[in-house]
Amino acid sequence: MVASPAPTAGAESDPAAGWEAIIIGAGIAGMYQLHRLRELGMRVRVFEAGSDVGGTWYWNRYPGARFDSESWSYGYSFSEELLQEWEWPEHFAAQPDTLRYLNHVADKFDLRRDIRFDSRVVAAHFDDAANRWTVTLESGEQARAPLLITALGPLSAHTLPNIPGRDSFEGPAFHTARWPREPMSLAGKRVGIIGTGATAIQVIQTIAGEVGHLAVFQRTPNWAAPLHNRPITPEEQKRIKASYREIFERCRQTDTCFIHQADPRSALEVSPEEREAFWEKLYAEPGFGIWVGNFRDVLTDPRANALASEFVARKIRERVRDPKVAEKLIPKNHGFGTRRLPLESGYYEVYNQDNVLLVDINETPIERITPKGIRTSDAEHEFDVLIYATGFDGVTGPYDRIDIRGPGGRRLKDDWAGTPRTFLGMQAEGFPNMLMVLGPHTARGNIPRNIEEIVDWLTGLIRHMRAHGLTRVEPRPEAVAEWTAHVEEAASRLLFSRVNSWQTGVNRNVEGRDVRRTLGYYGGAVAYRRKIEAVAAQGYREFEFR
Ligand code: NA7
């Protein structure tokens, strides 16, 4: 049970307020869901832990934070006016631009008046008799509504490293998802960073040129490939604005909702020259083409994957001068693309700088964090600033951090202790009227595309309920069993399901999170859309209504 102060009466508990739905989270998903429910004429309250809109883009303000998705494929697609008036400055926008965009959306659609900021939800309990969710905030205040919509974000539960002495460091130390809002100069400072995931790579390549000294503490190297970002020219801007319909249609046709789609050829059936030429081309192109637009078997066949890994390893060896350092940067325990691929801009070249040190903590483990820095088995490293780029308790973490209880006190955290069970990733069995946007078991890739689709679908379900006077929805157990089995089967075809990462639910900083789980639907976004559209078209037979 989450400890929270006694509930207090206030505006949120005023029955006269009569919320029809509560949404948790005002990131990309919560904002759009609010907009859609308002169109149905519903009275909606959004609770958001942050002080403003933006979710991921509100919290992750670290230097170098930016898209790996093409900007023009990332924004909301629902408003032509919004598409035409907004100008992305770069092909892969930086965090301040994305946050500016989300603020613009909040202003344009007047979203803030239904959002309560600085309001972290700590509990959500379903009252079976009243058919209502009661949501409790950290402050103790409560609010009630028949519908609860979780728009928590798959990467909102950040995790600090479980290293002894973590709180003893005397200087500034923070997780990348809690980067200070006030500008902070790292110029000339001695900086230590733990982690080498997508976040760390963005930080490292951005700050290496300005800091006095940078030590990177690496446990597992990740494969990374060039982003090739650049400004959008005025001519491109015009072309983009004229072709939004085609861009979004293209995203609808790919398995990851990016503009990139796997090549139908096998890496093994083409000649070595053809293979090499294709990979050179992909390596020179912007975005995720080299990951999700590669030969069709690179992410499924170990032999194809080994060849792709060798190609990228060669690139790393070419870019890093010291062969010993290059070898440390080449992953040996997982193949190319079997974890979320970080895209980089000059990351490998950073290790050619005299002020940057790569510390392989498998060779020289971290013993503890000290008041002055980090002690490894062979050295004391002193720092002015420590950065934890140590990731998130992915997908289910944000759910675990809220005390969610269904009828009879059934706890979601217990139900999902082993692995989540859902129908379409939108509802869990035993939690009526709780609808999840981008919960586990949904297709994920170019996230706003997935979000829009799910929000539209959930809005359709709610519209259906309102039209038929239905007040309660819950998936049938057999539908949950069938979907969960299908999700597991689809994931088993991909090599990534054999590798530890946040995408397979592993986070060694969280107790019990050392076993791989399936947290997404990997049968492809096209198949996912076909399925959810069929469920709606056939009258939602997989759900029980009252
Ligand atoms: P990631 O990709 O989960 O990376 C976290 C990094 O932190 C990774 O290199 C971890 O090493 C490292 N880590 C975590 N805990 C420790 C401890 N205790 N000691 C040493 N190193 C540690 O998170 P990101 O924030 O980079 O990216 C998350 C997603 O955000 C990304 O996929 C994009 O979708 C955007 P490990 O690999 O576990 O050995």
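**View 1. Helices α3 and α7 at the lining of the largest cavity.** In this predicted model, α3 (80-85) and α7 (244-253) each supply at least two residues of that lining. Helices are DSSP runs of H or I with at least four residues, strands are runs of E with at least two, and both are numbered from the N terminus. The lining consists of Ser71, Trp72, Ser73, Tyr74, Gly75, Leu82, Leu83, Trp86, Trp88, Tyr101, Tyr244 and Phe248. A cavity is a set of points on a 1 Å grid over the protein atoms alone where a 1.4 Å probe fits but cannot get out, and lining residues have an atom within 4 Å of a point. By class, nine lining residues are nonpolar, three are polar and none is charged. Here Ala, Val, Leu, Ile, Met, Phe, Trp, Tyr, Cys and Pro count as nonpolar, Asp, Glu, Lys and Arg as charged, and the others, Gly among them, as polar.

**View 2. Volume of the largest cavity.** The space in the largest cavity is about 50 Å³. A search of the whole structure finds one cavity of 30 Å³ or more. Volume means the space filled by probe spheres set on the grid points, which are joined across faces, edges and corners.

**View 3. Strand β2 and its parallel partners.** β1 (residues 21-24) runs parallel to β2 and is joined to it by four bridges, with Ile22 opposite Arg45. Strands pair if DSSP finds at least two bridges between them. β2 also pairs in the parallel sense with β3 (residues 115-116), over two bridges; Val46 has Ile115 as its bridge partner there. Both faces of β2 (residues 44-47) are covered, with Val44 and Val46 buried on one side and Arg45 and Phe47 buried on the other. Buried means under 20% relative accessible area (1.4 Å probe, protein chains only).

View 4. β1, helix α1 (residues 28-39) and β2 make a right-handed β-α-β unit. Right-handed means that, with the strands pointing away from the viewer, the path from the first strand over the helix to the second runs clockwise.

**View 5. The open sheet β14-β15-β16.** Three strands form this sheet in that order, with antiparallel pairing. β14 (366-369) and β16 (380-382) are at the edges with a single partner strand each, so one side of each has no neighbour in the sheet. The twist from one strand to the next averages 20 degrees; axes are lines fitted to C-alpha atoms, and angles run from 0 to 180 degrees between N-to-C directions. Three bridges join β15 (residues 373-376) to β16, and Gly373 has Glu382 as its bridge partner.

**Notes.** Residues are numbered from 1 along each chain as its sequence is written, and side-chain values use heavy atoms, without hydrogens and water. Local features need pLDDT of at least 70, side-chain atom pairs count only at pLDDT 80 or more, and totals for chains, interfaces and linings use all residues.

Technical notes: 1 Å grid on protein atoms, 1.4 Å probe; cavity = no way out; pocket = protein on both sides within 12 Å on 5 of 7 lines; lining within 4 Å. Buried < 20%, exposed > 50% of the residue type's maximum accessible area, 1.4 Å probe, protein only.
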